[in-house]
Amino acid sequence: MAQLKKRLSYNVEGPCFVDSTCIDCSSCSWIAPEIFGAQDGTHYVKKNPQTPQELERFQMGLLSCPTNSIGDQAKRPIRKALDALPHLIEDDVYFCGFTSHRSFGAQSYFIKHPDGNWLVDSPKMTPYLVERFKELGGLKYIFISHQDDVADAFHYAEIFKSAVIMHAKDAGAGLKVDLCIKKDAVTEMGEFVIIPTPGHTQGSLCLLYKEKFLFTGDHLYFENGLNVFSEYCWFDFEEQILSVEKLKKFSSVEWILPGHGGKQKIERGTFSPAIDQMIATIKSTYK
Ligand code: SF4
C-alpha cells in the first residue's frame, strides 16, 4: 500500500498520489497517460481523475503498479476497476494489468481463442486474475517473449495445466518449458506465428496473432514511431536491428503490443515503411 508520508512532491494537489517507492516502470502511464506523468526518474499524478472513466483508469493503474506505490486518500471503491481487468484492447485481445516487480512492471496480454486461450508474458500472481482467467475459459498456452518477463508464468501454468512456450536460449535451467523453440525459423500454430527475434536477449521471441496483433516483448515498441531500447539491450544490438528488419514481411500488422514502451494501433500497410524509417534513423545515429 502506498504511504502518505512518502508522497512525492511532484504530485499535483489532491487525493491521488505516487510515493517514493516508484521504480519508474511506466505501467501506470501506459494504462492512464492522462493521469500519470514522468519526471526525474519517477512517475507522479499530474491530474486527479475528474470523471468516472478517468477514475477507473487511475484505479486500473493503481492495481497494476508492481510496487504498490500509488495511493488514493479518498479510498474510493475499486470494484469497477477490478472488473475491468483483463481489459479489452480489440477483438479478443486484452491486457492483463497487475504487473509484476519481477518483470519490472512489464505488460502481459490475454487472448481469448476458440481453440484455447493464450497468456502472453505474465502478470503477478493474484487470486483475482486466477478467477477471471477461469471465467474466461482458462489458459491453454503461456507464451514467454524472453527471460525478463517470466514473472509468475510457471505458477499460472501449474494452476491451469498450460503449455509454456519459450525459446531454448532464454529458458534457464529448472524451467519446465513444454514447447521449447530451438530454431531461428518461424513456428506456425493456426492463427499464431512465433517469430524468433534475437537481440534484446538471445532467445527473444515475438508473437503474431491473426496477422494483425504483434506482441513484441522488449524487442520493439512505439513512441513517435517504431523504436527499440538501445540502452537496455542485453545481447546484441546489431542482431536486434536485423531481427526488426525480418519483421518487415509481416506487413499487415496493425497493433504493436510490447512489454515495455508504448503500445500503438497503426494503419494497415504502414508497418513495413515504419520499420524502414526506424532503421534509417538508427543507422544515421550510430554510423
Ligand atoms: S506503475 Fe508504480 S512503479 Fe510503475 S511507474 Fe507507476 S507508480 Fe511507478
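1. C22, C25, S26, C28 and C65 come nearest of the 13 residues around the ligand, where a residue is near if one of its heavy atoms lies within 4 Å of the molecule. The largest cavity is the space taken by the ligand. For that term, a 1 Å grid is laid over the protein atoms alone, and a cavity is a set of points where a 1.4 Å probe fits but cannot get out. A molecule sits in one if more than half of its atoms lie within 2 Å of its grid points.

2. Some housekeeping. This is a predicted model, in which local features need pLDDT of at least 70 and side-chain atom pairs count only at pLDDT 80 or more, while totals for chains, interfaces and linings use all residues. Residues are numbered from 1 along each chain as its sequence is written, and side-chain values use heavy atoms, with hydrogens and water left out.

3. Now the seven-stranded sheet. The sheet is open and mixed in its pairing, with the order β5-β6-β7-β8-β9-β10-β11. At its edges are β5 (87–90) and β11 (179–181), each of which pairs on one side only. From one strand to the next the twist averages 25°. Strands here are DSSP runs (E, at least two residues), as are helices (H or I, at least four), numbered from the N terminus; two strands pair if DSSP finds at least two bridges between them.

4. Three bridges link β5 and β6 (residues 93–95) in the antiparallel sense, and L88 has Y94 as its bridge partner in β6. The two strands make a hairpin with two residues between them, and D91 takes a positive phi near 55° there. Elsewhere in the sheet, β9 (residues 141–143) and β10 (residues 163–167) are parallel, with three bridges. Y141 is opposite A163 of β10.

5. The bond between L85 and P86 is cis, with omega about -5°. P86 belongs to the loop between α3 (79–83) and β5.

6. The other sheet I'd look at has six strands, in the order β12-β13-β14-β15-β18-β19; this one is also open, with mixed pairing. Its edge strands are β12 and β19 (264–265), each pairing on one side only. β12 (residues 187–189) runs antiparallel to β13 over three bridges, and M189 has F192 as its bridge partner in β13. Two residues separate β12 and β13 in their hairpin, and G190 in the turn has a positive phi of about 65°.

7. What about β13 itself: buried or exposed? Five of the five residues of β13 (residues 192–196) are buried, so the strand is largely enclosed by the rest of the structure. Buried means under 20% relative accessible area, exposed over 50%, and partly exposed in between (1.4 Å probe, protein chains only). F192, I194 and P196 point one way, V193 and I195 the other, and all are buried. In a regular strand the side chains alternate between the two faces of the sheet.

8. Moving on from β13, five bridges tie this strand to β14 (residues 205–209), antiparallel, with L207 of β14 as the bridge partner of I194. β14 in turn has three antiparallel bridges to β15 (residues 213–217), where L208 is partnered by L214. W255 is in β18 (residues 255–258) and counts as buried at 10% relative accessibility.

9. Finally, two loop residues whose backbone I'd look at. Most residues other than glycine have a negative phi, and most peptide bonds are trans. K75, in the loop between β4 (70–72) and α3, has a positive phi near 45° and counts as exposed at 68% relative accessibility. N224, in the loop between β16 (221–222) and β17 (226–227), has a positive phi near 55° and is exposed, with a relative accessible area of 81%.

Key. Axes are lines fitted to C-alpha atoms, for helices over the stretch in contact, and angles run from 0 to 180 degrees between N-to-C directions. On a 1 Å grid over the protein atoms alone, a cavity is a set of points where a 1.4 Å probe fits but cannot get out, and a pocket is an open set with protein on both sides within 12 Å along at least five of seven lines; lining residues have an atom within 4 Å of a point.
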